[in-house]
Amino acid sequence: MKTFFLIFTVSVVCVSTTFSQKKPVAEIEKMVTRLDVEAPLTFLAADEMRGRDTGSHELDIAANYIASHFQQLGLRELPGAERYFQKVDLVKSFPIGAAEFKLNEDVLKFKEHFIVMVGSNQEWSGECVYVGYGSVSEVPADIKGKMIISIAGSKEAVGVQQIFSASAEKFNRIKAAGAAGLVEYFVTTPFPWPAIVNYFASNSSVAIKSDGPAVPHLWMKDTEVAGMRELKEQKKINGSFSIQGSKQVAVLTRNVVGKIEGTDPILKNEHIVISAHYDHVGVGVKKDQDSIYNGARDNALGTVGMMTAARFFTKYPPKRSIIFLALTGEEKGLLGSAWYADHPLVPLRQTVFDFDCDGAGYNDKTVATVIGLERTSAEGDITKACEAFGLKAGRDPVPEQNLYERSDNYNFAKKGVPAIDFATGLKSFDAEIMKYYHQPADEVGSLDFDYLVRYYRAFVYANYLIANGPKAPSWTAGDKYEQVGKALYQK
Ligand SMILES: [Zn+2]
């Protein structure tokens, strides 16, 4: 009896090893074919979808399409997302009419000296405080009700993208500390000042709706007005400003969310988020007789990756639970993911990983470019999954572009959740990328499906390995987000 039992056990182990090693790759090959991915991609990136702009009727059609897919698969609805829809409250602000900013009695003029990045009709007067670059150590502890004036970006930031993201980070920090607002002035401008004015003060913008009047964020060019000189010398000065003629309208939009429950009684409490933004930039400037920015690569492609994973995991539910998340408003500033991270439908401390699928296009078909690959312990699984389908897992080739903080994974990382972005193969932002990146030419007809099928299979397999692995991914030691991650999961 005992001997027999031993043999039986051994043979079971053998069978189960063979099953777990061979089966997923073969099954993924069977379930992820060109037809499976080309059909939904063609729908989402069709001209009739008019570039899926946030707030558009067509983005609602895309949301319904994704929700129908979830429904057909039998994904669970989460409380707060009935019929799979999580409402996201955004607001569209039109260019403001007039504004004035005074330092002592020196008047700074709207557009000539400064523009309003964020702000609505209001008047303010009080103390302005100069804080250098406005890094954490430079900003005083009590800034409640004060106007903070700093050099734009951060000391370390070089290039447009880094300045923009440092600026956004600083604004959020200063707003959270209760300041009256933030004014940043450019000592070196990434573009000439008139170009900044033309771009940022002449176009409408979309943001998350705030309770009460918006905390203002002003951008200013470095000026020689006496008030600025005094402020830099004295660090404090009285000032005032007013904004008039601002107009805002609500933008109704939604994330689409569904869940597959894990099969393991314990690990099912750990959730992996598979996310992809389904919005794009809509209809814009006509180029080569085409004004529809289809966004096939960006990001119908990622949306289909997420939908394909949902289809696979419905048939093969993994040990951990998976949340499938189609995000709105990414192109307006990662808004859908910012909303989800602030209003998670499963507590973030039970969310162990965000596997985002988004990219700028591809110019290297030997790799899947994984933004943040080396930043989490999922690197091994992702590399293995890519290799199974003849691809290499490539690290971010253009760190100076700050891509990690330009996709939805960033809003999870900021909260401490290990996160990566699985993008198509990128070697540089060359002419091949720019031909399609945010262009009307980004259409399904120009995609290479032999490559994409391998990319999608690797994507599904990487998620399979992570969702079934013995340990949830963690931040690489010393990573920028390691500490916030520790704080999140120790709560
Ligand atoms: Zn994108």
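A: Happy to! One term before we start: a residue counts as buried if 20 or more other C-beta atoms lie within 10 Å of its own. With that cut-off, α8 is mostly covered, with 7 of its 8 residues buried. Keep in mind that this is a predicted model.

Q: Which residues of α8 are the buried ones?

A: They are L335, G336, S337, A338, W339, Y340 and A341.

Q: And what covers them?

A: The cover includes the strands β1, β8, β11, β12 and β15, along with α10 (409-413).

Q: Let's zoom out. How many helices and strands does the protein have?

A: There are 13 helices and 19 strands. Of the 491 residues, 45% count as buried.

Q: What about the overall dimensions?

A: Along the principal axes, the C-alpha atoms fill a box of roughly 95 × 55 × 40 Å. The radius of gyration is 24 Å, which agrees with the value near 23 Å that a compact globule of 491 residues would have.

Q: How is the chain divided into domains?

A: Domain 1 covers 26-89 + 253-490, and domain 2 covers 95-246. Their centres, taken over C-alpha atoms, are separated by 34 Å. Where the two touch, 14 residues come from domain 1 and 8 residues from domain 2.

Q: Which element gives the largest share on the domain 1 side?

A: That's helix α8 (residues 335-342) again, with 3 residues. By type, the domain 1 side of the contact divides into 3 nonpolar, 6 polar and 5 charged residues.

Q: How does β1 pair with β8, parallel or antiparallel?

A: Strand β1 (residues 85-93) and β8 run antiparallel, joined by 4 bridges. If you want a pair to click on, V91 has A207 in β8 as its bridge partner.

Q: Now β12. Is it buried or exposed?

A: 7 of the 7 residues of β12 are buried, so this strand is largely enclosed by the rest of the structure. H271, V273, S275 and H277 point one way, while I272, I274 and A276 point the other way, and all are buried.

Q: Who are its partners, and how many bridges does it make with β15?

A: β12 is joined to β15 by 7 bridges, and the two run parallel. V273 stands opposite I323 in β15. β12 also runs parallel to β16, with 5 bridges, and there H271 stands opposite T351.

Q: Remind me, what holds strands of a sheet together in general?

A: Strands pair through backbone hydrogen bonds, either parallel or antiparallel.

Q: OK, next the sheet of 8 strands. What's the order there?

A: It's β3-β2-β10-β5-β6-β7-β9-β4, an open sheet with mixed pairing. β3 (106-109) and β4 (114-118) stand at the edges with a single partner strand each, so one side of each has no neighbour in the sheet. The twist averages 30° from one strand to the next.

Q: How does β4 pair with β9?

A: β4 and strand β9 (residues 217-221) pair in the antiparallel sense over 4 bridges. In β9, H217 is the bridge partner of V118.

Q: And which helices pack here?

A: Helix α4 (residues 159-176) packs on the sheet and touches β6 (147-151), β7 (181-186) and β9, with its direction at about 155° to that of β7. Helix α6 (residues 226-234) lies across β2 (98-103), β3, β5 (122-130), β6 and β10 (236-244). α6 runs at about 135° to β10.

Q: Great, thanks for the tour!

Conventions:
Residues numbered from 1 in each chain as written. Predicted model: local features only at pLDDT ≥ 70, side-chain atom pairs only at ≥ 80, totals over all residues. Rg over C-alpha atoms; globule rule 2.2 N^0.38 Å. Buried ≥ 20, exposed ≤ 12 C-beta atoms within 10 Å, placed from the backbone. Domains from an automatic or database assignment. Contact = placed C-beta atoms within 7 Å. Nonpolar A, V, L, I, M, F, W, Y, C, P; charged D, E, K, R; others polar. Pairing = 2+ DSSP bridges. Axes fitted to C-alpha atoms, helices over the stretch in contact; angles between N-to-C directions.
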